[in-house]
Amino acid sequence: MRTVIYLDVLLLVNFVVGAAFLLAAGLLCGACCSPLRLVGGAGAAAVSSLALLAPTVPWPLALTYKGTSAALCVAAAYGWQGARNTARLTAWFILLNLTLTGALFLPGAACNNLSFYLPVSPGLLLASTAGVCGVVEGVLHVLGRSGPACFGAELSVAGQVVPLSVFCDTGFHLQEPLSGRAVVLVRLDAVSLPAGMRAYLDACLAGVGAEPRPEWGVRFVPCQTVAGHCLLPALPAALGSNGRKQDGIYAAFCDMPPPPGGWTALVSAETAALLGK
């Protein structure tokens, strides 16, 4: 019996499967990627599936190809996350693919260069992929998500450049209400600011009325926490890390005590993705 493989279907299905498993690997490792990088990683996964059509090679070479192609897919989607995190992302990506290809025990499954062609329809294959990702989401919902490590960044505010230890919080969604611009939440005690500005911010957080200087461009950002609702003073700022920079944001300041992780600022997953994290 001859198996007919349609190239467009092969690429499209593997593109969707690759994107789903790259996102699932990111969830398991607490990493995030931008939509553009995700498309690049999924495209690399789709192209790598063409090994199914190539001449059969010895298994050591096939194994090397599979590991290298998986690492390239992860690198395209997430960039360099450090040796440990990149290795974890790659391992999870490979394991999720192996979980799906557990169906290789089905009669009629074809294998070439460690790439498997399963005797199921594209719809069923994509539904199975959704099932694997759903299991990942369920496990994370029960056990909690893996938190990403802090990363270093520099905050440009009030004419000064302040080093920060930034933590990406997927539940953090503060925005400046008038402009809709992104907000980074900064612990006031952890940064150094001009004396006049620091005195004003201290007075605001203490609930004492004070007048800011017009050139500071102060805005107030509403914040809802388990402790209640509050307004946080915010200043125009820019945040940069590893050669990437996000301008036109606001830095909101709070007076919370040092957290267990030792971070000095919180950002949303979207902001972290724009910084390549």
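**Side chains, buried and exposed**

Modeller: Let's begin with Ser268. Leaving out residues up to four places away in sequence, Ser268 touches Cys168, Asp169 and Phe172. Keep in mind that this is a predicted model.

Biologist: Where does Ser268 lie?
Modeller: In the loop between β9 and α7.

Biologist: Is Ser268 buried or exposed?
Modeller: Buried. Its relative accessible area is 10%, so it falls under the 20% cut-off.

Biologist: Which side chain makes a polar contact with the side chain of Ser268?
Modeller: That of Thr271, at 3.2 Å.

Biologist: What is Phe253 in contact with, leaving aside neighbours within four places in sequence?
Modeller: Val186, Leu188, Val191, Leu193, Leu201, Leu205, Leu232, Pro233 and Leu235.

Biologist: What does UniProt list as "transmembrane region"?
Modeller: Its unreviewed entry gives residues 6-29, 36-57, 92-110 and 116-136. In the model, the span 36-57 is 59% helix and 0% strand. Its end C-alpha atoms lie 33 Å apart.

Biologist: Aromatics next. How many pairs are there?
Modeller: The count is 1 aromatic pair. The ring centres of Tyr200 and Trp216 are 5.7 Å apart, with the planes at 50 degrees, so the pair is tilted. Tyr200 is in helix α6, while Trp216 is in the loop between α6 and β6 (219-225). They are 16 residues apart.

Biologist: Is Trp216 buried or exposed?
Modeller: Buried, at 15% relative accessible area. Tyr200 is buried too, at 5%.

Biologist: And how many salt bridges?
Modeller: The count comes to 4. One of them joins Asp189 and Arg198, at 2.9 Å from N to O. Another joins Asp202 and Arg198, at 3.1 Å. Asp202 and Arg198 both lie in helix α6, 4 residues apart, about one turn of the helix.

Biologist: How accessible is Asp202?
Modeller: Partly exposed, at 34% relative accessibility. Shared partners join Asp189, Arg198 and Asp202 into one network. Arg198 is partly exposed at 22%, and Asp189 is exposed at 54%.

Biologist: Which residue meets Lys245 in a salt bridge?
Modeller: Asp247, at 4.0 Å from N to O. Lys245 and Asp247 are both exposed.

Definitions and conventions
Residues are numbered from 1 along each chain as its sequence is written. This is a predicted model: local features need pLDDT of at least 70, side-chain atom pairs count only at pLDDT 80 or more; totals for chains, interfaces and linings use all residues. Side-chain values use heavy atoms; hydrogens and water are left out. Contact means heavy atoms within 4.5 Å. Helices (H or I, at least four residues) and strands (E, at least two) are DSSP runs, numbered from the N terminus. Buried means under 20% relative accessible area, exposed over 50%, partly exposed in between (1.4 Å probe, protein chains only). A polar contact is a pair of N or O atoms within 3.5 Å; within protein, one must be able to donate a hydrogen and the other to accept it, and residues adjacent in sequence count only if both atoms are side-chain atoms. UniProt positions are given in the numbering used here, feature names are shortened, and annotations may be inferred rather than shown by experiment. Rings of Phe, Tyr and Trp (its six-membered ring) pair if their centres lie within 6.5 Å; planes under 30 degrees apart count as stacked, over 60 as edge-to-face and the rest as tilted. A salt bridge is a side-chain nitrogen of Lys or Arg within 4 Å of a carboxyl oxygen of Asp or Glu.
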